[in-house]
Amino acid sequence: EQEAERRRLREGGYDDDDEMRPEQEPQFGDDYEEPDEVNLEAFNVPLREWIAQTRTRNEIQRKFRRLLSDFREAEEFAVLDDGVLEAELEEDERRRLKRRKYNTPATYEEKIRHMCSSNGASLEVSYLHLMRVYPLMALWVDEAPRDMFDVLNEATTRHVMLLFPSYHTIRDEIHVRLSDVPILDSLRDLRRSHLDGLVKVSGVITRRSGVFPQLKLAYYDCVKCKCTTGPYRCEDTSSNSSGPDSNQRDVAEMNAPPMCPECDSEGPFRLNSSRSRYRNYQRANLQERPGSVPPGRVPRTKEVVFLDDLVDVARPGEEVEITGVFCSTYDYFLTNRSGFPVFQTFVSANHVRKKEDASSASNLSEADRKLILDLASDPNIAKRIVQSIAPSIYGHEHVKMALAMSLFGAVPKNVDDKHRIRGDVNVLLLGDPGTAKSQMLKYAEATAPRAVYSTGKGASAVGLTANVHKDPLTKEWTLEGGALVLADRGVCLIDEFDKMNEQDRTSIHEAMEQ
């Protein structure tokens, strides 16, 4: 009966007395269906070998492309995605739901159209949606993320090229960015069991490198017969993959072919840099938020690798949630120093979500917009804001008003591009001990979307403005921003201001005036 109903929906065979008729049911055709479906659960080999088989890859791609073209986000359609719950529905209710579903625009095809209109290369797919429709594929993404992302990227690229055939002239590959992963891991809890698995970590970006080209597809010229062979895919995404590693074997030499197909010689081969294809590569340091560090511990730092269009997404000082693959690479220097093999771990990012995005204007719902406009029309809005700042502390209304002005700021003015008047409001809190000055600052830190908290006793001019350090990737001396730089367009909170040295105190005056 279900097969007959599905066929009827596909052909659009509704009676004249039906209320609604779907405009077009998705026609999957040869690109979606194969004559014999593969049972993805029936395998007796390791998971990565099973995913690498051609029939399995085709079946995963077929199911994922069906998700892209057929999924609707509304909760009422979740019953149709579950076969057991669908069987319990009455016939009329089931037909009514299916009619409404196929008259609703597909969620991900709308996202694909929006992505292509902005010339993007990333399609954000919710892990919860994948778990709702194909829970087995969601489990595999968690266990073997690298292999599954390759399959899903290929399926998404084919689906986008089917909708927009000439889009390959703009982007040659579309990447699936997995969002809404439910489990959040701490940086200090990452262990051996997380290796080569999908992890989601949060923290603050403290430093990021420049953007480098990383070898993606390599072509080689045979020195003897001048024949060009390739392309060869370069899989290495470690921190040494864009240049020579410590064994003085660069990534081009590691991926060279063993034999020339024309003259049957064993080389030597030279990398054809003009025909080879590259991708963007950037490294950043992700540090735990100071508020999440256990007492008596120092914040842990983990290296994150951004590839392709994820570069320059997160700036230093921003609090982010990163979903990616927890990888490892052989560390030659630490091995020589310790005397036994040591592996360096890093996170290869797949999806980046900023804390600021959760409260940005573009992500507000209609109910949020209506509530904000209602608050804006309230004549007592200033009093309500002051009363909502640190409500557990009684009184101090003038202090709370000053904090509110500093958090909201004023409007900067630029008079005919000649005279600039800053809009920032700087506040100095003076008071006796025990009058909740630090508690006020802590509340401001928790409220502001971008805030950096430091104490004046341990702060120096270098730590507040900028310091010089050696970049481990390029071995060059570079500038690293301090607290004032990380809090740019945010709030910088300095406690125990009177304990600072006079020279260090004057170093922030220029920053306050800008």
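**Group meeting: surface and cores of a predicted chain**

Let's start with the surface. The accessible surface of the protein chain comes to about 29,900 Å². Carbon and sulfur atoms hold 49% of that. Keep in mind that this is a predicted model.

Now the make-up. The protein chain has 514 residues, and 39% of them are buried. The secondary structure runs to 22 helices and 16 strands. On contacts, take pairs of residues at least 6 apart in sequence. Of these contacts, 67% join residues at least 24 apart.

Next, the inside. The largest nonpolar core has 44 residues. Which residues have the most contacts inside it? They are Ile51, Ile60, Phe64, Met137, Trp140 and Val141. Helix H11, residues 145–163, gives this core its largest share, 7 residues.

Val468, Trp477 and Leu479 make a nonpolar surface patch of about 400 Å². Leucine 479 sits in strand E15, which covers residues 477–481. Why does leucine 479 count as exposed? Because its relative accessibility is 66%, and the cut-off for exposed is over 50%.

To close, two places to look at on the model. Inside, go to Trp140, in the 44-residue core.

How values were computed
Residues numbered from 1 in each chain as written. Predicted model: local features only at pLDDT ≥ 70, side-chain atom pairs only at ≥ 80, totals over all residues. Heavy atoms only, no water. Patch = residues over 30% accessible without salt bridge, like charges linked within 9 Å, V, L, I, M, F, W, Y side chains within 5 Å. Areas by Shrake-Rupley, 256 points an atom, 1.4 Å probe, with all protein chains shown as cover. Salt bridge = Lys/Arg side-chain N within 4 Å of Asp/Glu carboxyl O. Helix = DSSP H or I, 4+ residues; strand = E, 2+ residues; numbered from the N terminus. Buried < 20%, exposed > 50% of the residue type's maximum accessible area, 1.4 Å probe, protein only. Contact = heavy atoms within 4.5 Å. Core = buried A, V, L, I, M, F, W, Y, C linked by side-chain atoms within 4.5 Å.
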